Amino acid sequence: MTRPGTSLFDLRTPSSRHPGLDGARGLAVVAMVLGHTLDALLSPELRANAWVQHYWELRGITAPLFLLVAGFAVVAALGTSKESAGQSFVRRARRALLLLFLGYLVHWPGWDTAHALGWGEPLRSLVFAFDALQSIAVSLLVGAAVLVLARGTWTRAVALAVLAVGIPLASTWMWSAATGWPVELRQAVGMPGARFPLFPWAGFFFAGALAAHLMRLLRPGWPQGLAQVALGAGLLVLTQRLPSDWSPTSAWLVAFRVGQGFLVLGAINLVPQVLSRLLAPMGRSSLWIYVLHLPVVYGWAGTLGLAGRLGPTLGLLPALGVGLGLLAVCFAIARLWLLVRGSRRPSPDSTTWRARPVPISGTAARSGQRI
C-alpha cells in the first residue's frame, strides 16, 4: 500500500506493505514499456497481423489501470481519523506538482523546434501536451481537496461517485465547451488528438478512489480481491448489454476499461503474494521507469529516439529484446537512484499492511489488514 501523500508512483519500499497495488503497477509498467517499444520498432508487415491488432486492444488497459490504482491508493491510505486527509494534503500537493513538472519536461521539443515554430499555437500544443502524468497530477490535487472537504463517510462516497460517474458523462459536453479556449486548457480538458485529457481520463482515478472508499468496509485480502473481480465482471457484463462506443469521450469506454482494470487488480490481490511480490519492485519504480523510457523510445529535445533510429523495421524477437533490455536498464537506474537517496528507509508515516477500517455508526471498527 502506498504511504499517505503518494499517488500513482512511489519508490519507497517499506517491508510491511502489501505488494498488491504495487504488483498491479508493476504489471502495467511492463506492458507500457514493451508496448511503446513494439509500437516504435515493429515492422509494417508484423503490424498487419491479426494478433498484433488484438495485442493493441489488450494494451489499452495499461493507462486506465495506472489511474485506477492511483485513485484506489490515495483513498486506501487514509485512516479513520477525519484529520488524516488534511494532514496529508501538502504532501499530496507536492507530489502532484512533481508529476506536472516531469510530465511537461518529457515533452519538451527542444530549443531548435521552439525557435523554428515561434511562440504560437503549434509550439504551445507540443510544450503543453497533456499526458498521463499531468492527468494523474490534476486528479490527485482535486481528489486531495475533495477528501479534505468531504469528511463524512457518506458525504465522501457521494462526492467521489459524482466525480467518477459525472466526469465521463460530461466529457462530450466539456470538449464542445472548450472549443474556443486557449490550447493549453483544451489539451487538459479535452480536444481532438489530446492524449490523456481530464475528460474522461480523470474518471478512472475517481472510480478507483470510490471503490477503495466502499471496499474498506470489507476485510482486505481475498474478500476485497473477490469484490474487485465481481465489480469488474459486473461492469463488463453491463457494457456488453449497452451499445459499444469507442470514441475518445465515451462513458461506455470508461466503464469497460474500469471493469477490465478491476479484474486485473482483483486477480493480483487473489494470487499468492510470492507472485505479486515479483512485480512489486517494478511498480514502486514506475515513475522513473516511465520518465526514463519515453525519451529513449520517442526522443527528447530534438534528439532522435529508437523510433527515429531503428523503427519501424524490426521483427518480433528483436523488438522484444530491445524492450526487455530497456525495461531492465530503466529499472536498474531507478533502483540505483533509490539507493543514492537512501529511500529504502521506511518513513514514519508510511502506510503498512495493517489497516484501520472506516468506523461504522460512530464506533471504531476492528483493525484488519490493508492491501
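Hello everyone, this is a short walk through one predicted protein model, from its overall make-up to a few local details.

A word on ground rules. Residues are numbered from 1 along each chain as its sequence is written, and side-chain values use heavy atoms, with hydrogens and water left out. Because this is a predicted model, local features need pLDDT of at least 70 and side-chain atom pairs count only at pLDDT 80 or more, while totals for chains, interfaces and linings use all residues.

Let's start with the whole protein. Its secondary structure comes to 18 helices and 2 strands; both are DSSP runs numbered from the N terminus, helices being H or I with at least four residues and strands E with at least two. Of the 371 residues, 53% count as buried. Buried here means under 20% relative accessible area, exposed means over 50%, and partly exposed is in between, with a 1.4 Å probe and protein chains only. Now take the contacts in the protein with a separation of 6 or more: 76% of them are accounted for by residues 24 or more positions apart. A contact means heavy atoms within 4.5 Å.

Next, please find helix α4, residues 62-76. How do α4 and α12 pack? Helix α12 covers residues 198-215, and the two pack at an angle of about 40° with their axes 7 Å apart. The axes are lines fitted to C-alpha atoms, for helices over the stretch in contact, and angles run from 0 to 180 degrees between N-to-C directions. The two helices are therefore oblique to each other. For the wording, angles under 35 degrees count as roughly parallel, over 145 as roughly antiparallel, 65 to 115 as roughly perpendicular and the rest as oblique. The crossing of α4 and α12 is right-handed. A crossing gets that name if the near helix is turned clockwise from the far one by less than a right angle, and is left-handed if anticlockwise. Among the residues making the contact are Leu-67, Leu-68 and Phe-72 of α4, and Trp-201, Phe-204 and Phe-205 of α12. By class, this contact has 17 nonpolar, 3 polar and no charged residues. Ala, Val, Leu, Ile, Met, Phe, Trp, Tyr, Cys and Pro count as nonpolar, Asp, Glu, Lys and Arg as charged, and the others, Gly among them, as polar.

Helix α4 also meets helix α1, residues 20-41: their axes come within 9 Å and cross at roughly 155°. That makes α1 roughly antiparallel to α4. This crossing, of α1 and α4, is left-handed. On the α1 side you can pick out residues including Leu-21, Arg-25 and Met-32, and they meet a set in α4 that includes Thr-62, Phe-66 and Phe-72. The classes here are 11 nonpolar, 1 polar and 1 charged residues.

Now to the rings. The structure holds 10 aromatic pairs. Rings of Phe, Tyr and Trp (its six-membered ring) pair if their centres lie within 6.5 Å; planes under 30 degrees apart count as stacked, over 60 as edge-to-face and the rest as tilted. Phe-196 and Trp-201 have ring centres 4.6 Å apart and planes at 65°, so they form an edge-to-face pair. Phe-196 is buried at 16% relative accessibility, and Trp-201 is buried at 17%. Phe-205 and Phe-206 are also edge-to-face, with centres 5.1 Å apart and planes at 75°. Are these two buried or exposed? Phe-205 is buried at 2%, and Phe-206 is buried at 2% as well. Elsewhere, ring pairs link Tyr-104, Trp-119 and Phe-128 into a cluster.

A few backbone details are worth a look. Which peptide bond in this part of the chain is cis, with omega near 15°? The one from Phe-199 to Pro-200, and Pro-200 lies in helix α12. The bond from Gly-311 to Pro-312 is cis too, with omega near -10°, and Pro-312 sits in the loop between α17 (306-309) and α18 (316-341). Ala-301 is not a glycine, yet has a positive phi of about 55°. You'll find Ala-301 in the loop between α16 (286-298) and α17, partly exposed at 28%.

Last stop: Ala-251, in helix α14, residues 251-270. Ala-251 is partly exposed at 25% relative accessibility. Leaving aside neighbours within four places in sequence, Ala-251 is in contact with Pro-168 and Leu-169.
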